[in-house]
Amino acid sequence: MSIRTSSATKLLDAAEELFFTQGIHSTPVDAVIERAGVSAATMYRGYASKEALLAATLTRRHTEWLATWDAAIARQDSRDGRILAVFDALDAFREHPVRAQWCAFLGSAAEYADAPAEVREAIDTDTTTLRRRLTASIAGDAMNATTRDRELADELLLVVSGDLAMRLRDPRHTTASARRIAAALLREHAKHPTGA
């Protein structure tokens, strides 16, 4: 049985706001239901559990993030610009008040020592997508990526993750340092594309 789109949107909006500003474990599902202004029966008709609601919230957020990243890439006209556009996307995504604190995927991973399957799948999808898109940007096509291209993608993923984590330490943190590190990695890769 499904729920109305309007009810689902209310629940996802409420879950995103509460889970990612107050914490997942510290937010009871009743608080999400109350904030959304729907009944518990409505919530459970659409989402079998709090974790299913969290996974749906992460999935929606992932889709919005990819659209923001695609828009940032589209504004670039060089390979390096398209790779570094991930930082433009992070800046743009941060404009939304609920998204300002830090990465919902890192936060979700941190809150679960052993995440339920649907939550783990959402987190893994985000990580895999980041890695695959960075690799494709570096190599021109992920299928043609060299070992060094994949290593660089992993290094950039680490820089992106570190940048997101720094937002917890300093709310005024910008992507400037991460951009410099990423640009230096790209310059080094251009000098030694095979890792030699």
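I started where H5 meets H8: Ile83, Val86, Phe87, Leu90 and Asp91 in H5 are in contact with Leu156, Val159, Val160, Asp163, Leu164 and Arg167 in H8. Contact means heavy atoms within 4.5 Å. These residues divide into eight nonpolar, no polar and three charged. Here Ala, Val, Leu, Ile, Met, Phe, Trp, Tyr, Cys and Pro count as nonpolar, Asp, Glu, Lys and Arg as charged, and the others, Gly among them, as polar.

The model is predicted; local features need pLDDT of at least 70, side-chain atom pairs need pLDDT 80 or more, and totals for chains, interfaces and linings use all residues. Numbering runs from 1 along each chain as its sequence is written, and side-chain values use heavy atoms, without hydrogens and water. Helices are DSSP runs (H or I, at least four residues), numbered from the N terminus.

Next I checked the axes, which are lines fitted to C-alpha atoms over the stretch in contact, with angles from 0 to 180 degrees between N-to-C directions. H5 (residues 79–93) and H8 (residues 147–169) come within 11 Å and cross at roughly 15 degrees. H5 is therefore roughly parallel to H8 (angles under 35 degrees).

Then I turned to Trp69, in helix H4 (residues 50–74). Is Trp69 buried or exposed? Trp69 is buried, at 1% relative accessible area (buried is under 20%, exposed over 50%, partly exposed in between, with a 1.4 Å probe and protein chains only). Beyond four places in sequence, Trp69 contacts Ala85, Val86, Ala89, Leu130, Arg133 and Leu134.

Terms used:
Helix = DSSP H or I, 4+ residues; strand = E, 2+ residues; numbered from the N terminus. Parallel < 35°, antiparallel > 145°, perpendicular 65-115°, else oblique.
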